Amino acid sequence: MTKTAQRRPVQATTVRPVPAHPVPKGRGRRRLADQAHAYAFLLGGLICFALFSWYPAIRAVVIAFQKYTPGSSPEWVGTDNFSRVLQDPEFAAAWRNTLTFTLLALLIGFAVPFVLALVLNEVRHAKAFFRVVVYLPVMIPPVVSALLWKWFYDPGAGLANEALRFAHLPTSNWSNGADTALVSLVIVATWANMGGTVLIYLAALQSVPGELYEAAELDGANLWQRIRHVTIPQTRFVILMLMLLQIIATMQVFTEPFVITGGGPENATVTVLYLIYKYAFLYNDFGGACALSLMLLVVLGLFSALYLRLTRFEGEA
Amino acid sequence: MSTRTLVSPAALGRPGGKVTYWTVFTVVLVLFTAAFLFPVYWMVTGAAKSPDEVARTPPTLVPEHWRSSGFTDAWDLMQLPRILGNTVVQAAGAWLFQLVLCTAAAYALSKLRPAFGTVILGAVLATLMVPAQALVVPKYLTVADLPLIHTSLLNDPLAIWLPAVANAFNLYLLKRFFDQIPRDVLEAAEIDGAGRLRTLWSIVLPMSRPVLGVVSIFALVAVWQDFLWPLMVFSDTGKQPISVALVQLSQNIPLTVLIAAMVIASIPMVALFLVFQRHIIAGISAGSTKG
């Protein structure tokens, strides 16, 4: 069907007179053939976007107000799903954990890569080596990183406690302690994802014009003053972008808590996405899961909107 | 090559500067090796140790005997050939579907001026604003019971392949690249009698090799590393990819075997990275400065 639709106009174009520069408004029939062509190319992608992006977005809103069990017809229940989810003690825990995780990831995963990139930009030897090494953990599958660190955090023969013992420091419960579990997961996520951030910072640093540093130095600015008054203002935009992207990414954290702690101990590492997963696949409560998804979507949507707004603004300026 | 950075070349040339530079260099080298390479080294050597040796405190820095039984056990006990086969099929299919359908759609949006093209592009880009993971439950429900045809794609690689196409980032990357190809080039091909498919195949695609490479790597890596989506979609243990199988099996197999399986699971991605590191690193760095 589509194949014949594609073939025929091919011959038509060969006979057609050569168009002048911007394609002129041809006769209706030719335009129709052009449109059929364009849509033949678009069709596959369009169907996939419709099915797996646009339709689920609409359904999330619909199901959030329904009692939905696969196989039986859904019932409208108003805001029941929302009130049920809000009363769940895990709800508050999940949001608290997610926000703490995001904040900690921002503190650690934000300053450290910037400093690393600053130093790497000054290094004049083995540049390629450093770049490869810092990006290596990103290429290791996240599940492997999580399992690897779960083993490191093992209270018995785990590497983390061995290192502390080696340095004659008191050992820690790491991911098994209610108060240290979340920080332990932030360390894993930072280790696994830092490479990309460092590389992007490095690229941004390389675009800082050298004359600015020279001028600053002539004015008597020391190292710290040059960082503060040249480097940071010059890379301000990239820093802000990466910060927003990181917030959006870390608020959707799932693999680390699922693999390393299973949400425990005492719900200390249940995240919002983890709770969504639990509602859907443990409680079989898809209405509740969609209500939660919708809340997460609104919060993340705000950050996304801010991100797009800023990138567009900077693009025009 | 020598662009001026934070520290001036003159300052580095001074005797004191040289000492400081090499001190900083050594510290950075040790720090990077300890932070990023050592955990990986620990994983590889852990897989080569005996079960006793892995559990020993204080641990041995180098295995007493380099054993390969962890790897062979993982290969046989965990049925890694089948699991890796599943992963390869899922990744390759997703790559192919994305390459064909995203390229065609991006070409249409960039050069064929479809009616409502800007509306479609807007709707595609809007999905960038919606974080993918937040919609994973309604997406699962859609895949479990496709609208109109009421078929379930659960436990079918199509459940990975088709949603992979709905990747706004890759589509946009391709479209932006196609936008840069001058219209004159395409018109010249048209004058020579090439149809749109022919133009795409013989003119546009050969010119787009760099961007196709980037999209290919992104597509393969994304499927190989994904966890939540395959965890939801493949309940049948015989069809699960490596990431899901590792977690499901991690509870009841010996530690050394698990670690060996983790090493094996990482090899394809690390190899891909080492081979294409220049392109990958350049791609990441370039993506940022454009904004």
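## Where helices of the two chains cross

Start with helix α2 (residues 28-63) of chain A and helix α5 (residues 80-111) of chain B: their axes come within 8 Å and cross at roughly 130 degrees. That angle makes α2(A) oblique to α5(B), and their crossing is left-handed. Bear in mind that what you're looking at is a predicted model.

Which residues of α2(A) and α5(B) meet? On the α2(A) side, look for A38(A), F41(A), L42(A), G44(A), G45(A), L46(A) and C48(A). Facing them in α5(B) are L101(B), C102(B), A104(B), A105(B), Y107(B) and A108(B). Sort the residues of this contact by class and you get eleven nonpolar, two polar and no charged.

Helix α2(A) has another partner in chain B. It packs against α8(B) at an angle of about 105 degrees, with the axes 7 Å apart. Is α2(A) roughly parallel or roughly perpendicular to α8(B)? With that angle, α2(A) is roughly perpendicular to α8(B). Here G45(A), C48(A) and F52(A) of α2(A) meet L162(B), P163(B) and V165(B) of α8(B). By class, the contact of α2(A) with α8(B) has five nonpolar, one polar and no charged residues.

Now for a pair inside one chain. Helix α4 (residues 89-122) of chain A packs against helix α8 (residues 181-206) of chain A at about 40 degrees, with their axes 7 Å apart. This makes α4(A) oblique to α8(A), and the crossing of the two is right-handed. Their contact has 21 nonpolar, eight polar and no charged residues.

| Helix pair | Angle | Axes |
|---|---|---|
| α2(A) and α5(B) | roughly 130 degrees | within 8 Å |
| α2(A) and α8(B) | about 105 degrees | 7 Å apart |
| α4(A) and α8(A) | about 40 degrees | 7 Å apart |

## The whole interface, and chain A itself

How many residues of chain B are in contact with chain A? The count is 82 residues of chain B, in contact with 89 residues of chain A. Within the side of chain B that touches chain A, the largest share comes from helix α15 (residues 255-290) of chain B, which gives twelve residues. That side of chain B has 57 nonpolar, 18 polar and seven charged residues.

Chain A on its own has 13 helices and two strands. Of its 317 residues, 43% count as buried. If you take the contacts in chain A with a separation of 6 or more, 69% of them link residues 24 or more positions apart.

## Two domains in chain B

The domain assignment of chain B gives domain 1 (9-67) and domain 2 (79-290). Their C-alpha centres lie 35 Å apart. What contact is there between them? Seven residues of domain 1 of chain B are in contact with seven residues of domain 2 of chain B.

On the domain 1 side of this contact, α2 (15-48) and α3 (51-55) of chain B each supply at least two residues. α2(B) gives the most, with four residues. The residues on that side divide into five nonpolar, one polar and one charged.

Most residues other than glycine have a negative phi, and most peptide bonds are trans.

Go to the loop between α11 (255-261) and α12 (272-281) of chain A, where P265(A) lies. The peptide bond from G264(A) to P265(A) is cis, with omega near -15 degrees. N267(A) is found in this loop between α11 and α12 of chain A as well. Phi of N267(A) is near 60 degrees, a positive value in a residue other than glycine.

Technical notes: Residues numbered from 1 in each chain as written. Chains lettered and ligands numbered in written order. Predicted model: local features only at pLDDT ≥ 70, side-chain atom pairs only at ≥ 80, totals over all residues. Domains from an automatic or database assignment. Contact = placed C-beta atoms within 7 Å. Nonpolar A, V, L, I, M, F, W, Y, C, P; charged D, E, K, R; others polar. Axes fitted to C-alpha atoms, helices over the stretch in contact; angles between N-to-C directions. Parallel < 35°, antiparallel > 145°, perpendicular 65-115°, else oblique. Left-handed = near helix turned anticlockwise from the far one by under 90°. Buried ≥ 20, exposed ≤ 12 C-beta atoms within 10 Å, placed from the backbone.
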